[in-house]
Amino acid sequence: MIDNSCSLPSECAIRPACAQDIKSIRMLVWGAKLDPTQLRWEQFWVIECEGKLAACGQLRNFAGAQELGSLVVAKGWRDRGLGTYLTKYLIQ
């Protein structure tokens, strides 16, 4: 369960990424100067706000471990708790 002290704004929703999200995910990751070589949309969750991707994070599965990476919040949506919410959601 997600900590109630961190919630999404009402105009936002979290969901698994779909194939149509890959361009937006790449733009967020490249804009943050993160390594774009291991981007697989199937491993991403996104937060969509007002019809646009506002945040994304990748959860990669390995034998006996998981890795959280490529977590980015779009500049216009920072300081609203989206990164915290997404991190906690993916950890759960």
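These legends walk through several close-up views of one predicted protein model. Residues are numbered from 1 along each chain as its sequence is written, and side-chain values use heavy atoms, leaving out hydrogens and water. Since the model is predicted, local features need pLDDT of at least 70 and side-chain atom pairs count only at pLDDT 80 or more, while totals for chains, interfaces and linings use all residues.

**View 1. Confidence along the chain.** The protein chain averages a pLDDT (the predictor's confidence in each residue, from 0 to 100) of 90, and 95% of the residues score at least 70. Confidence is highest in strand β1 (residues 12-16), at 97, and lowest in strand β4 (residues 65-73), at a mean of 90. Helices (H or I, at least four residues) and strands (E, at least two) are DSSP runs, numbered from the N terminus.

**View 2. The open sheet.** Four strands follow the order β1-β2-β3-β4 with antiparallel pairing; two strands pair if DSSP finds at least two bridges between them. β1 and β4 stand at the edges with a single partner strand each, so one side of each has no neighbour in the sheet. Look between β1 and β2 for five bridges; A13 has E48 in β2 as its bridge partner.

**View 3. The buried side of α2.** In helix α2 (residues 82-91), L82, G83, Y85, L86 and L90 are buried (under 20% relative accessible area, with exposed over 50% and partly exposed in between; 1.4 Å probe, protein chains only). These residues are covered by elements including β1, β2 (44-49), β3 (52-62) and β4, with contact meaning heavy atoms within 4.5 Å.
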